[in-house]
Structure formats: structure tokens, C-alpha cells
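Have the sequence and the 3D view open side by side as you read. We'll take a walk through the structure together, one region at a time.

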Amino acid sequence: MKKIIVSLIILFLTIFLLIDSFVIVDAGNRGVVTQLGAVQNRVLNEGLHFKIPFIQQVIQLEVRVQKEQTEQTAASKDLQVVTTTVAVNFHLIPDEVNHLYQKVGMAYKERIVAPAIGESLKAVTAQYTAEELISKRSEVSEKVKETLAKKLATYYMQLDEINITEFKFSDEYNQAIEQKQIAEQQALKAKLDLQRVEIEAKQKIEQAKAEAEALKLQKQEVTKELIELRKIEAQMEAIKKWDGKLPNVTGGSIPFIDVNGLQK
């Protein structure tokens with residue numbers, strides 16, 4: 001009976017040792033090997049690996065793209081308080097995860113990534129005014145990306161992408177911007193009204209000049225012969241309208257008829 005019990009114990013220990021001698025590194029991960037607590041130089045890829053039972057341990061770290069989103073508050077160049085929402089995509093450098101684990105540990109997001117985002121954003125934001133942060137958003141984003149990439153690379157992480165989703169300013173600043181826009185719109189309207197008045201005045205001046213020029217030309221074209229012609233036309237028109245009856249009272253001449261003109 002004792003032999004059976006000892007055999008079973010040896011069998012269980014053997015099975016346990018065999019199981020503990022192998023480790024499977026999951027897809028998208030890398031394995032950090034520690035030997036009696038000391039981090040080893042080798043990094044395990046995905047798949048099945050052998051390790052020394054009870055002596056070596058394998059810690060798995062994800063090397064897929066990870067996301068960190070945070071809300072940061074900074075001051076612009078003109079001392080406006082800016083609240084910014086930043087979304088960052090990054091990943092651990094696969095062959096360097098052992099150094100990351102040795103220097104930082106598993107809490108690399110809290111210890112490294114989040115503070116690095118805040119420091120990078122504050123450093124870049126201080127270089128621009130509040131208005132420039134909005135008008136030059138792509139430039140600001142690119143500078144933040146460059147600064148953050150250098151900080152993460154120091155801790156064996158690679159930055160993939162950064163997105164600044166929005167800039168929020170204080171209520172006082174937003175009201176000041178709104179008042180400025182209203183003033184600019186009113187100034188533009190006043191300018192357009194002035195231009196309209198000036199154009200209308202010029203049109204009236206040009207119209208008056210044209211009318212004066214036309215009157216001048218008309219006066220220049222009126223000749224003595226034209227006056228005589230108009231008189232004859234008026235008399236001929238009167239003759240056409242005459243019914244052939246002489247008026248009962250006359251002043252000594254036949255109305256509408258210029259005798260001298262007929263004699264000619």
C-alpha cells in the first residue's frame with residue numbers, strides 16, 4: 001500500500017513537473033522570462049516553449065496596438081486655459097518587452113503613457129495662442145506626436161497615431177470670441193453699406209454727367225433751319241386739323257396760315 005501511495009505521489013509530481021516545464025505564449029503577446037526573480041535577456045515569441053520548473057517563470061505582455069485616451073488641461077501662449085481630449089494608439093516593441101518589464105513593470109500605461117501625453121501636450125500648447133490651436137490643429141497634432149514619440153521610445157514603446165479630438169476653452173474666452181465675431185460681422189456690414197453708398201453716388205454722378213452731355217449735344221444740334229422746319233411742320237399739322245370754316249371773330253388774318261410763308 002505504501003508503495004502504491006509513493007508511486008502515485010511520484011506520478012503526480014512527474015506530471016506536474018512536465019506541465020510546469022512548458023508554457024504557451026498567446027497570440028499577440030511576448031513572454032518575459034524570469035529566473036529566480038531575475039529578468040532574462042531572451043524574449044519568447046508566440047507558441048509553445050520549455051522552461052525550468054519552479055526556477056523560471058514567464059510573464060506575458062501584449063504587443064498589439066493599444067489605446068490610451070485622456071483629458072488634459074494646459075495653458076496656451078496667451079495664457080488661456082485649454083482642456084484637450086487626446087486619444088493615443090501605441091504598442092510595445094516586441095523584442096524589448098523584457099527591458100520594459102524590468103524598468104517599468106506591468107503598469108506602464110499609468111506610469112509612462114498617461115504622464116507622457118500630458119507633458120507633451122503642455123509643452124506644445126504653450127507655443128501657440130488659443131486661436132492658433134484651432135486654426136493650426138494639424139500642425140499642433142503633429143508636434144505633439146513627435147514629442148510624445150520620443151518620450152515613449154525611451155521606455156521601449158512605439159507611437160502609432162495620435163488624435164486630438166477637441167479643444168475646450170473657458171466660458172469667458174468663448175464669450176469673448178463670440179463678441180469678436182459679432183463685431184467683425186457688424187464691421188463688415190458697415191463696410192459693405194459704405195461701398196454700396198459710394199457705388200450708388202458714383203452711378204448718380206455718371207448719370208448726371210450723361211444727361212448733361214446729352215443736353216449739351218442737343219443744344220449744339222439745334223440750328224436756325226431746324227427751328228424753321230419745326231414751325232412749318234406745326235402749321236401743316238394745324239391745316240390738316242382745320243375744318244374749312246372761318247371763325248366768326250378774327251383779328252384780321254386767317255388763323256393757322258402764314259400768308260408770307262405760302263407766298264414763298
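Predicted model: local features only at pLDDT ≥ 70, side-chain atom pairs only at ≥ 80, totals over all residues.

The protein has 8 helices and 8 strands. Of its 264 residues, 26% count as buried. The protein exposes about 18600 Å², and carbon and sulfur atoms supply 57% of that area. Now think about which parts of the chain touch each other. If you take the contacts with a separation of 6 or more, 66% of them are between residues 24 or more positions apart.

Next, find the open sheet, where 3 strands line up in the order 6-7-8 with antiparallel pairing. Ignoring direction, neighbouring strands here are turned by 20 degrees against each other on average.

Let's go through the pairs. Strand 6 and strand 7 pair in the antiparallel sense over 10 bridges, and Ala75 stands opposite Val81 in strand 7. These two strands form a hairpin, with 5 residues between them. Look in the turn for Leu79, which has a positive phi of about 65 degrees.

Helix 3 (residues 108-125) touches strand 6, strand 7 and strand 8, and its direction makes about 40 degrees with that of strand 6. Helix 5 (residues 137-153) touches strand 7 and strand 8, with its direction at about 140 degrees to that of strand 8.

Now hop to Ile59, which sits in strand 5 (residues 56-62). What does Ile59 touch, not counting residues up to four places away in sequence? The list is Arg30, Gly31, Val32, Thr34, Tyr101 and Met106. Met106 is 47 residues from Ile59 along the chain, yet their C-alpha atoms are separated by 9.5 Å.

Last stop: the surface. Phe22, Ile24, Leu36, Leu48, Phe50, Ile52, Phe54 and Ile55 form a nonpolar patch there, with about 840 Å² of accessible area together. Strand 1 (22-25) and strand 4 (47-50) are the elements that give two or more residues to the patch.

Phe22 is in strand 1, and because its relative accessibility is 42%, Phe22 counts as partly exposed. Leu36 is in the loop between strand 2 (29-35) and strand 3 (38-44). At 68% relative accessibility, Leu36 counts as exposed. Its phi is near 50 degrees, a positive value in a residue other than glycine. Phe54 lies in the loop between strand 4 and strand 5. Phe54 isn't a glycine either, but has a positive phi of about 65 degrees. Is Phe54 buried or exposed? It counts as exposed, because its relative accessibility is 52%, and the cut-off for that label is over 50%.

Note on methods: Residues numbered from 1 in each chain as written. Heavy atoms only, no water. Patch = residues over 30% accessible without salt bridge, like charges linked within 9 Å, V, L, I, M, F, W, Y side chains within 5 Å. Areas by Shrake-Rupley, 256 points an atom, 1.4 Å probe, with all protein chains shown as cover. Salt bridge = Lys/Arg side-chain N within 4 Å of Asp/Glu carboxyl O. Helix = DSSP H or I, 4+ residues; strand = E, 2+ residues; numbered from the N terminus. Buried < 20%, exposed > 50% of the residue type's maximum accessible area, 1.4 Å probe, protein only. Pairing = 2+ DSSP bridges. Axes fitted to C-alpha atoms, helices over the stretch in contact; angles between N-to-C directions. Contact = heavy atoms within 4.5 Å.
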